[in-house]
Structure formats: structure tokens, C-alpha cells
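This report looks at one structure from two angles, the contact between its chains and the packing inside one of them. Please read it with the coordinates open beside the text.

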Protein chains: 2
Amino acid sequence: MSAATQDIEALIALMARLPGLGPRSARRAVLHLLRKRDLLMAPLADALARTAATARDCTICGNIATGEVCDICADPGRATGEICVVEDVADLWAMEHTGAFKGVYHVLGGTLSALDAIGPEELRIPDLVTRVTDEALSEVILALGTTVDGQTTAHYIAEALTASGVAVTSLAQGVPMGGELDYLDDGTISAALRARRRF
Amino acid sequence: MSAATQDIEALIALMARLPGLGPRSARRAVLHLLRKRDLLMAPLADALARTAATARDCTICGNIATGEVCDICADPGRATGEICVVEDVADLWAMEHTGAFKGVYHVLGGTLSALDAIGPEELRIPDLVTRVTDEALSEVILALGTTVDGQTTAHYIAEALTASGVAVTSLAQGVPMGGELDYLDDGTISAALRARRRF
């Protein structure tokens, strides 16, 4: 039994479905919102409703957009000759946050996975091939995770793009910034050794 | 710089103000919502808007209500002769969750605190004294935290209710269920020893 009304219980159940929030922390978050009804709860409701109504997938790259194409694809200052292929919008945001990449993106929406029966058609791989064929590209950068599925996907895409003749590269693997060797796994150290460069 | 639009950045900033979510986890939560726009984001926006519009403080006990009085105060099955005094709505929910208390509540809205300049008038203590004076009560149970401020508040209320002649009790202090002595602090063990009972 609970002291909260049905509406509030329903709200807690919805909040508990967010990543990082469990039933207890969702309850705590809702209580916090209830205490700040005018300052936080109502503005949050508005922001969510507005975003739910306007957000959509960019028809070019798959990023979150509010119109037909996303801010990045619509930006004339971006180098359209370079496409960075990422698994997910979260990865796009992480890459964008560095400010190191000035090209455009292609969001796959996941990785190939035999286990989960996710093939190229489930991802936006055919779109990528079409894009590479249609546009004059200098480079496709594969910024996929160094997991088995990520690397399988990278190999599949590299294969699929061979015919187009575009340069396909992938992010360097090695010791992360601030990384200490004795805390790193063998795979990372081996990869960093193989990819060693002149100092 | 970020790849998200202004609307989404504003939404992330609002989410980051929830307890238990920081900037990174708020971003992750918003991405999750963006992926589930119809199934989760829109219903959550609705639930928040509805709750923000209808939720209010119960005029009797201070619990969250959707009408003039809360579900508990409106329930004819509750023993109105027993009032359980709690600091916060969260504490009321915790107490209610046990199902062990069949009386009604009084939510103070915090504890007395010299440091934060919170006196009896800032809390709902005068309301409590009025309630105890006006209604025929058998018992006032102080279910306040065993912090310095919580205990100060308990003492203050017990003092303020002396004239009314009502029985004022407080929750027992002792070893929590499943508690092991060597993990407990000295204060808890001493309190449990002082309050020992015949086996």
C-alpha cells in the first residue's frame, strides 16, 4: 500500500524506467518534483512535451533533429566529404563534445549482432552505402566500439564500401589519456604496442 | 559545443536537477527518452503536467493530495485518534509502506535548525498544537530522525504538547533488523542497551 495517489504512483513507475533510476530513486525524484511543482515539475513537463512533439530522426544521418535534417547536416560549415560512422546518437554527442571532428556523421542505430538477429538491414548500413556512392566523399571514419560486435560491424562496413573506392579509416586503439599500463587489459596494451609510433 | 538542439539541452539541464541524476546521467536519460518518444517521453510529459496541475498540500496533515485533503485524511477507516508526526512526505511514504500504522499523519516539512534559521513557525508545529488541542487524540507518535535536529524537534514538540495532556511517544531506538553489532555505531548500541527488554 502507498500514501501516494494513483497519478503519482503512475508517475513514479514511468520515472523508474529511466536508465540510472530504480524504484527508490524514482520515488525520491518524484518527491523532489512535487516539492518544486512550479519551479521544476511544470517546466520539465513542458520541455518533455515539446521535445516529444518536435524531435525526429535526421533523414540524412540519423541524429536527433527537430526538422527534416539535423543541425549538423544543415550546417554549411561542416566538411561533408568526411563521414564519421557511429553506433548511436550518444556516441555522436561524445564525439561532437570533443570539438575535434568537423565533418558529418552517420548513425547506425546499433551494431550487427548474430545473437540479437540484427543484420545490416536493421541498421542504417544500406543508407550509408547509398550515401557514399552518391556523394563525393574523401573519407569514412569508423568510430565504433572496440567490442566484438563493434569490430564485426566495422569489418562488414569496410567490406561493403570497398567497391566505392573511398578511404575507410577507424579510430586508433591504444593507451587512453591518463591511463596507467598496469591497470589496462592485455588486449589494449597489445594493440598499443602493435600501433606504436616514432617518438 | 554540442550536437543537441537548444530544446534538448534545456531538457537535459532540467533533468540534471533531479536528485540522483548528474549532467552525464541526465544526458543518458534524455537520450533514452528520445529513443522512446511515443512509449515513454510523451506519457511522462503528460503524467508530470497532470501531477503538477493537481498536486497540492493536504490542508489537514501536509501530505501530498490531489484535493482539499489527502487520501489518508479522507479515509474513514483510519484511526484519527493517533497522529504520527514525520519530518517529510518521504518519511510518511516510508511509514505507510510498512502498513504497520493505521492512524493519521502530520508532516512538519523539516526539522528545527538553528543553523538554517528554521523555527517552529517555519514548520507546521503550530498547526500540530492546534490539531492536538481541537481533536480528541489518544496519542501523538514522534517518528522523527535520530539526528541532532530531529531529536531537538521531538523535544520541542513534546514540550509544546505537555499542556494538552495527550500521550506523546517516539519510535524505539535500537539495533535495526538484520543489523550486526560490529557494524553499528556506539550511539546505537548504547541506546539499544539502555532500552533493553526482558527476553
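A residue counts here as buried when its relative accessible area is under 20%, and as exposed when that value is over 50%. The structure is a predicted model, and every value below is computed from it.

Within helix H6 of chain A, which spans residues 125-134, the buried residues are Ile125(A), Leu128(A), Arg131(A) and Val132(A). Seen down the helix axis, these buried residues of H6(A) fall within an arc of 115°, and therefore they line one face of the helix. On the face turned away from that buried side, H6(A) carries the exposed residues Thr133(A) and Asp134(A). The partners against which the buried residues of H6(A) pack are strands S3 (79-86), S4 (103-107) and S5 (139-142), together with helix H7 (148-160), of chain A.

Strand S4 of chain A contains His106(A), a residue that is buried, with a relative accessible area of 0%. The side chains of His106(A) and Arg131(A) are joined by a polar contact of 3.0 Å. When its neighbours within four places in sequence are left aside, His106(A) is in contact with Ile60(A), Cys61(A), Ile83(A), Cys84(A), Val85(A), Val86(A), Arg124(A), Asp127(A), Leu128(A) and Arg131(A).

The other topic is the interface between the chains. The size of an interface is often given as the accessible area lost when the parts come together.

| Item, chain A with chain B | Value |
|---|---|
| Residues of chain A in contact with chain B | 56 residues |
| Residues of chain B in contact with chain A | 56 residues |
| Area buried between the chains | about 5,100 Å² |
| Share of that area on carbon and sulfur atoms | 72% |
| Salt bridges | 6 salt bridges |
| Residue pairs in polar contact, both at pLDDT 80 or more | 5 residue pairs |

The elements of chain A that give two or more residues to the side touching chain B are helices H1 (6-15), H2 (23-35), H3 (37-54), H4 (71-74) and H5 (89-98), along with strand S1 (56-57). Of these, H3(A) provides the largest share, 15 residues. Sorted by class, the side of chain A that touches chain B has 33 nonpolar, 10 polar and 13 charged residues. A salt bridge links Arg37(B) with Asp57(A), and the closest N and O atoms of this pair are 3.8 Å apart.

Definitions and conventions
Residues numbered from 1 in each chain as written. Chains lettered and ligands numbered in written order. Predicted model: local features only at pLDDT ≥ 70, side-chain atom pairs only at ≥ 80, totals over all residues. Heavy atoms only, no water. Contact = heavy atoms within 4.5 Å. Buried area = accessible area lost by both parts, 1.4 Å probe. Salt bridge = Lys/Arg side-chain N within 4 Å of Asp/Glu carboxyl O. Polar contact = N/O pair within 3.5 Å; in protein donor to acceptor, adjacent residues only side chain to side chain. Helix = DSSP H or I, 4+ residues; strand = E, 2+ residues; numbered from the N terminus. Nonpolar A, V, L, I, M, F, W, Y, C, P; charged D, E, K, R; others polar. Buried < 20%, exposed > 50% of the residue type's maximum accessible area, 1.4 Å probe, protein only. Arc of directions from axis to C-beta.
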